[in-house]
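Hello,

Here is the structure I promised to pass on. My notes follow below it.

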Amino acid sequence: NIEDKHTLQSNGFKAPSSPKQPFFIGVAGGTASGKTTVCNMINTQLHDQRVVLITQDSFYHSLSDKMLQKVNEYNFDHPDAFDTKLLLSTLEKLKCGQPVTIPNYDFNSHKRIEAGRQVQPANIIVLEGILVLHDSGVRNLLNMKIFVDEDSDVRLTRRMQRLAIERGRNIENVLDQYSRFVKPSFEDFVLPTKKYADIIIPSGGDNDVAIDLIVQNIRMKLGQHDLCKIYPNIFVICSTFQI
Ligand code: ADP
Ligand code: C5P
């Protein structure tokens, strides 16, 4: 769209539209593809920056008691399972430099529990989740869009291990949920968002080269950011001639 054409830099990434705005990175991909691992690797390399990691999982809708009785029929991989309105307003506040509260979602009770996490503004916000590239409003806030690609058998194996160990689920239920909801929704909703990605990372957690290149690019953008804070007129020149 027109707005994208005006803000896209020649290397395809969107420059923050105001020099004071934080740099937003979206990391999408199928379940257990390595999204969190990639985010942690980016965060570790950017140890000298204030980075905030946010997971889309925090924005799952709580299930009512009636819905909980039929939890095995619920599709947690459908876009409607997320409170995207709340996610969007939270991201918009962070974009404006305001503090926010991130809900505390519990995978066992399928509800938001206790008080949320207070998050102060940061210069880099990393948003991770299966469907972070699905909603156009969320996509438009992202300066860099990443899709982590991993073989589906590898993802299923990791998911089974993780759900059995960390989330205390029964293997039969995990497989049933996977074939009825996770796999079809991946094909219908997650995979089609790959086309929006600026960068596709194969074998996320093992791909040091991709992480190095991403971090280098973020540092370059932040450098321009600082320059633009001091000399606002240079911002236009940076965004036009960036390679
Ligand atoms: P996602 O956030 O996409 O669900 P995670 O990064 O949490 O995926 O990874 C899912 C599981 O797979 C975790 O238990 C993690 O430790 C493991 N994992 C991630 N990347 C790798 C890798 N490259 N090699 C082996 N295990 C990995
Ligand atoms: O970390 P990951 O990206 O795998 O988290 C998303 C997955 O969590 C979805 O595939 C969804 O099936 C699963 N989920 C779940 N139970 C919930 C909420 C999400 O199994 N209560």
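How do the residues of the shell around ligand 1 divide into nonpolar, polar and charged? There are one nonpolar, six polar and five charged. (Ala, Val, Leu, Ile, Met, Phe, Trp, Tyr, Cys and Pro count as nonpolar, Asp, Glu, Lys and Arg as charged, and the others, Gly among them, as polar.)

First, the ground rules. This is a predicted model: local features need pLDDT of at least 70, side-chain atom pairs count only at pLDDT 80 or more, and totals for chains, interfaces and linings use all residues. Residues are numbered from 1 along each chain as its sequence is written, ligands are numbered from 1 in the order in which they are written, and side-chain values use heavy atoms, without hydrogens and water.

Ligand 1
The residues around ligand 1 include Gly30, Lys35, Glu128 and Asp206. (A residue counts if one of its heavy atoms lies within 4 Å.) Polar contacts here are pairs of N or O atoms within 3.5 Å. The side chain of Lys35 comes 2.8 Å from an oxygen atom of ligand 1. For Thr36 that distance is 2.5 Å. For Thr37 it is 2.5 Å. Alone, ligand 1 exposes 560 Å², and the protein buries 69% of that. (Areas use the Shrake-Rupley method with a 1.4 Å probe.)

Ligand 2
Ligand 2 has 17 residues around it; Thr31, Asp77, Tyr105, His110 and Arg162 come nearest. The side chain of Gln177 is 3.3 Å from an oxygen atom of ligand 2. The protein covers 99% of the 470 Å² that ligand 2 has on its own.

Best wishes

Notes: A polar contact is a pair of N or O atoms within 3.5 Å; within protein, one must be able to donate a hydrogen and the other to accept it, and residues adjacent in sequence count only if both atoms are side-chain atoms.
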